[in-house]
Amino acid sequence: MEPIQDQGMADTTSTGANLEAAFGGESMANRQYLFFADVAHALGHNELSKLFRETAAQETEHAFAHFRLLHPELTIADPASLSEEQKQAILARCLELAIEGETYEYTTMYPDFAAQARQDRDSGAEAEFDEQTAESKEHAGIFRRAARNFGLLTPIEHHHADRYTAALQGLQGGGEAGLAAEPVAGLWICKVCSMIYDPKDGDPDSGIAPGTPFEDIPEDWVCTICGARKSSFVPYRPVDLKAA
């Protein structure tokens with residue numbers, strides 16, 4: 001997600017920029033340590049896994065401390081003292097920031113990353129691939145998978161942004177946010193990571209040709225993004241805002 005900036009301090013002062021960088025660093029450390037914890041657990045090192053998880057929790061607190069300084073308008077000292085209007089304003093601000101981040105991801109970040117990955121694949125690494133060197137094969141494969149994954153993440157972030165937008169509109173009295181009653185024909189979504197399977201694209205890297213209906217995918221196929229089983233997918237229903 002794009003680093004979230006406060007419209008005042010973070011944009012105009014070095015300290016604000018440093019707080020933003022610190023928030024990003026602590027947040028990344030949290031996710032890295034949780035990943036390391038899973039690795040350690042899988043290898044039977046439960047005490048090391050516990051250490052990684054404990055440290056990850058501490059990094060979360062560090063990140064929250066930085067974020068509170070970046071966004072004092074979201075710091076709540078006494079919830080009971082807030083009016084309903086104040087509570088709604090705070091929740092609306094949270095949703096606005098979430099929408100900004102998700103929109104940046106699906107309109108700019110992942111499309112740009114995908115384009116760069118394709119460019120990298122088609123340049124030096126692809127030329128080396130033609131020479132059949134082991135290194136070039138590895139690089140080309142990585143770039144190809146990166147381009148594929150970035151492309152898959154774009155509709156995911158779009159879906160997230162749509163859900164946040166509907167939630168914000170619902171919060172502001174525009175209706176009740178939910179999902180459409182009828183699914184979109186042919187599309188299936190992963191319940192774990194929100195990856196959307198589109199039969200027109202298929203999943204060539206996994207041997208699923210374009211044009212393959214989801215129902216015809218082998219049962220041992222897994223989600224390209226998170227590795228969840230095929231049974232973790234459900235028919236995709238777009239965001240819907242029902243009238244109040």
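Asp38 and Arg53 form a salt bridge in this predicted model, and their closest N and O atoms are 2.6 Å apart. Asp38 belongs to helix α2 and Arg53 to helix α3, so the pair ties together parts that are 15 residues apart in sequence. Side chains of opposite charge can pair when their charged atoms come close. Across the whole structure, a search finds eight salt bridges.

**Exposure of the Asp38–Arg53 pair**

- Asp38 has a relative accessible area of 44% and is partly exposed.
- Arg53 is also partly exposed, with a relative accessibility of 39%.

**Helices α2 and α3**

- Two packed helices are described by the angle between their axes and the distance between the axes.
- Helix α2 covers residues 14–42 and helix α3 covers residues 46–70.
- The axes of α2 and α3 come within 8 Å and cross at roughly 160°.
- An angle over 145 degrees counts as roughly antiparallel, and α2 and α3 are therefore roughly antiparallel to each other.
- The crossing in which α2 passes α3 is left-handed.
- Sorted by class, the residues in the contact of α2 with α3 are 17 nonpolar, ten polar and five charged.

**The salt bridge between Glu73 and Arg93**

- Glu73 forms a salt bridge with Arg93, and the closest N and O atoms of this pair are 3.2 Å apart.
- Glu73 lies in the loop between α3 and α4, while Arg93 lies in helix α4 (84–122).
- The two residues are 20 residues apart, and the pair links distant parts of the chain.
- Glu73 is partly exposed, with a relative accessible area of 32%.
- Arg93 has a relative accessible area of 16%; this is under the 20% cut-off, so Arg93 counts as buried.

**The salt bridge between Arg93 and Glu96**

- Arg93 forms a salt bridge with Glu96 as well, with the closest N and O atoms 3.8 Å apart.
- A salt bridge requires the nitrogen and the carboxyl oxygen to be within 4 Å, so this pair qualifies.
- Arg93 and Glu96 are three residues apart in helix α4, which means that about one helical turn separates them.
- Glu96 is partly exposed, at 31% relative accessibility.

**How these residues connect**

- Which residues are linked in a network of salt bridges? Glu73, Arg93 and Glu96 are linked in this way.
- Arg93 pairs with Glu73 and with Glu96.

Conventions
Residues are numbered from 1 along each chain as its sequence is written. This is a predicted model: local features need pLDDT of at least 70, side-chain atom pairs count only at pLDDT 80 or more; totals for chains, interfaces and linings use all residues. Side-chain values use heavy atoms; hydrogens and water are left out. Axes are lines fitted to C-alpha atoms, for helices over the stretch in contact, and angles run from 0 to 180 degrees between N-to-C directions. Helices (H or I, at least four residues) and strands (E, at least two) are DSSP runs, numbered from the N terminus. Angles under 35 degrees count as roughly parallel, over 145 as roughly antiparallel, 65 to 115 as roughly perpendicular and the rest as oblique. A crossing is left-handed if the near helix is turned anticlockwise from the far one by less than a right angle, and right-handed if clockwise. Ala, Val, Leu, Ile, Met, Phe, Trp, Tyr, Cys and Pro count as nonpolar, Asp, Glu, Lys and Arg as charged, and the others, Gly among them, as polar. A salt bridge is a side-chain nitrogen of Lys or Arg within 4 Å of a carboxyl oxygen of Asp or Glu. Buried means under 20% relative accessible area, exposed over 50%, partly exposed in between (1.4 Å probe, protein chains only).
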